[in-house]
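Trainee: I would like a close look at a single part of this model. Please take it piece by piece, then set it in its surroundings.

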Amino acid sequence: MFETSELNNRNRTKQKLFQLLFMMMTLLLITPVLIILTTLIYKGGSIISVDFLFTFPTDGMTAGGIFPALFGTVWLVAVALLVSVPIGVAAAIYLSEYAPENWLTRIINLAIINLAGVPSIVHALFGVGAFVIFFKFGTSILAASLTLAIMTLPVVIVASRESLQAVPKAFREACWNMGATRWQTIRRVVLPNAVSGILTGVILEVSRTTGETAPIMFTGAAFFLPYLPQGVFDQTMALSLHLFVVSTQVPGVPEELPYGVALVLIAMVLLMNSISIAFRMYLRGKKKW
Amino acid sequence: MVSTVEAVMEKTEQHLKLDIRDLSIYYADTPALENVTLDIREHEIFGIIGPANAGKTSFLKAINRMDMFTSNMRVKGDIHFNGFDIRKTRNIYALRKRIGVVFPLPVGLPLTIYENVALAPRLSGIRNKAELDVIVERCLIRAALWDEVKDRLDSLGSLLSGGQQQRLTIARALSQEPEVLMLDEFSIAVDSVTTMRIEDVLKELKAEMTIILVTNLVQQARRLADRTAFFLEGKCVEIGDTEDLFIGNVKEQSTRDYIEGKFG
């Protein structure tokens, strides 16, 4: 009854072959990550120390630490979040909960997709035109952060909208049938169940914002500053730009320095991503329906 | 003369909870229900029977103005609730608050059992914990769920079993203190023992509210409904006293066939 035929065998061989092929492709995908990480740790690990993280660069940036760049990146990301999260979440709530299915909504959705597709250098030049020159913020943390915020807005909107949409429609209808307004429904039932997904999106946005270079290099990030920024209208150094500078613009930099900077940068991004993944796993265990 | 008219109107208003005239419902251009005229009296259980696609659910949706949630659903005709034209009222929230709905598939909101039932009272402004406790307990007892959940009111309502969730849904509908309770095939996800318990509850509730019972079980309509309407393919074929219909006192052959189980 269960004898294998020639055809069975051939199908099984093919199936094994394809499984192997797909697995190889997947492994191929993780090799660059591994190579990058091991190289960075091997070549830059030795320079990492508390001093490296918390002192200023010295000797024309060929020695010393990276503190002003690290500090500046945190500032840039924080201000960008302060702007993009409220706007992005509000837009996502509107699109998911209120927007009727009409031409306006379709245009908004199209705009979001296109905004996500705009190259970062174009965002950078837009930021120069709009924030630095037109709004007269000058090259400053504010201008750079606003540019970053606009660039990452689609990430926040799409992630938030998706987590709102993941709340079943039946929950909303049950509330509406009780006489709840749309806002009451959103506040009591939809948002509490979407907030975790929104947070995950925000963390991913942080990790993306941290590494961006082009949008900040004309709008607020400085080549070198001997002091820390005092407010949002000051320029600042930033980790990503600092990496670019020490790897290509300054002569006589010891080899381990740029590797060390890259390692710190990537560690920050990986940390953010791991937090987001851990958060998602934690929530999956707490499924509410 | 004038006084007579007023008297008649007053009398009608007293007895008619819902007055439905020439109700037609379309999804895009496809009719789901056509030219239904009927009235539902206060404190009666009004049964609606009929096979799938008869327009029963659409009928309920129109009464609750749920057509607003479905982008291509259109409703024509007049529906008067307590004498008010529901299509003219601006305050649909007040309308929905007076009409409780229970759908075939139970919806336990992802809140605690307590909060599921306390939600509607909270939305209408009740904050006093003691008052909420009373409402929650009363509604859960009425929905025949209290004994099973009284020790774990803080666990999630959405994680109860299907039958329990359906009773939670009923408790939630009752927590609105509705004037009309609409049940759409509520017993699909409920075992037969619980169904009987809920049916007993419905008989008691009749003293306080008007009940519209859409059911695919003709015998359930017979057990509960004072009057029954038979819907078929988007038309209301027949309306009559339930007993009349079931003893064969019908005008249309299709009604007789459906009740006797020849189709459906």
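Mentor: Keep in mind that the model is predicted. The order across the sheet is S6-S7-S8-S3-S9-S10, all in chain B. The sheet is open, and its pairing is mixed. Two strands form the edges: S6, residues 99-102, and S10, residues 235-241. Each of these pairs on one side only. On average, neighbouring strands are turned by 15° against each other, with direction ignored.

One pair to look at is Phe231(B), whose bridge partner in S10(B) is Cys236(B).

Now take S3(B), which sits between S8 and S9 in the order. This strand covers residues 45-49, and a loop links S2 (30-41) to it. His43(B) lies in that loop. Its phi is near 60°, a positive value in a residue other than glycine. Most residues other than glycine have a negative phi. His43(B) has 14 C-beta neighbours inside 10 Å, so it counts as partly exposed.

Another loop of chain B runs between S5 (84-85) and H3, and Arg90(B) is placed there. How far is it from Gly240(B)? The two C-alpha atoms are separated by 34 Å, and the residues are 150 apart along the chain.

Next, the partner chain. In chain B, 17 residues are in contact with 17 residues of chain A. Helices H3 (92-98) and H4 (113-123) of chain B each supply at least two residues of the side that touches chain A. H3(B) gives the most, with four residues. By class, this side of chain B has 11 nonpolar, four polar and two charged residues.

H6(A), residues 141-165, packs on H8(A), residues 182-211. Their axes are 8 Å apart, and the angle is about 150°. The two helices are therefore roughly antiparallel to each other. Their crossing is right-handed. On H6(A), the contact includes Leu148(A), Val155(A) and Ala159(A); on H8(A), Val190(A), Ala194(A) and Ile198(A) are among the residues that make it. The contact has 10 nonpolar, seven polar and three charged residues.

The buried residues of H10(A) pack against H8, together with H3 (67-98), H9 (214-217) and H11 (256-284) of chain A. H10(A) covers residues 239-249. Its buried residues are Leu239(A), Ser240(A), Leu241(A), His242(A), Leu243(A), Val245(A) and Val246(A).

Met61(A) is in the loop between S1 (57-58) and S2 (63-64) of chain A. Its phi is near 65°, again a positive value in a residue other than glycine. Met61(A) has 21 C-beta neighbours inside 10 Å, so it counts as buried. His43(B), by its own count of 14, is partly exposed.

Definitions and conventions. Residues numbered from 1 in each chain as written. Chains lettered and ligands numbered in written order. Predicted model: local features only at pLDDT ≥ 70, side-chain atom pairs only at ≥ 80, totals over all residues. Pairing = 2+ DSSP bridges. Axes fitted to C-alpha atoms, helices over the stretch in contact; angles between N-to-C directions. Contact = placed C-beta atoms within 7 Å. Nonpolar A, V, L, I, M, F, W, Y, C, P; charged D, E, K, R; others polar. Parallel < 35°, antiparallel > 145°, perpendicular 65-115°, else oblique. Left-handed = near helix turned anticlockwise from the far one by under 90°. Buried ≥ 20, exposed ≤ 12 C-beta atoms within 10 Å, placed from the backbone.
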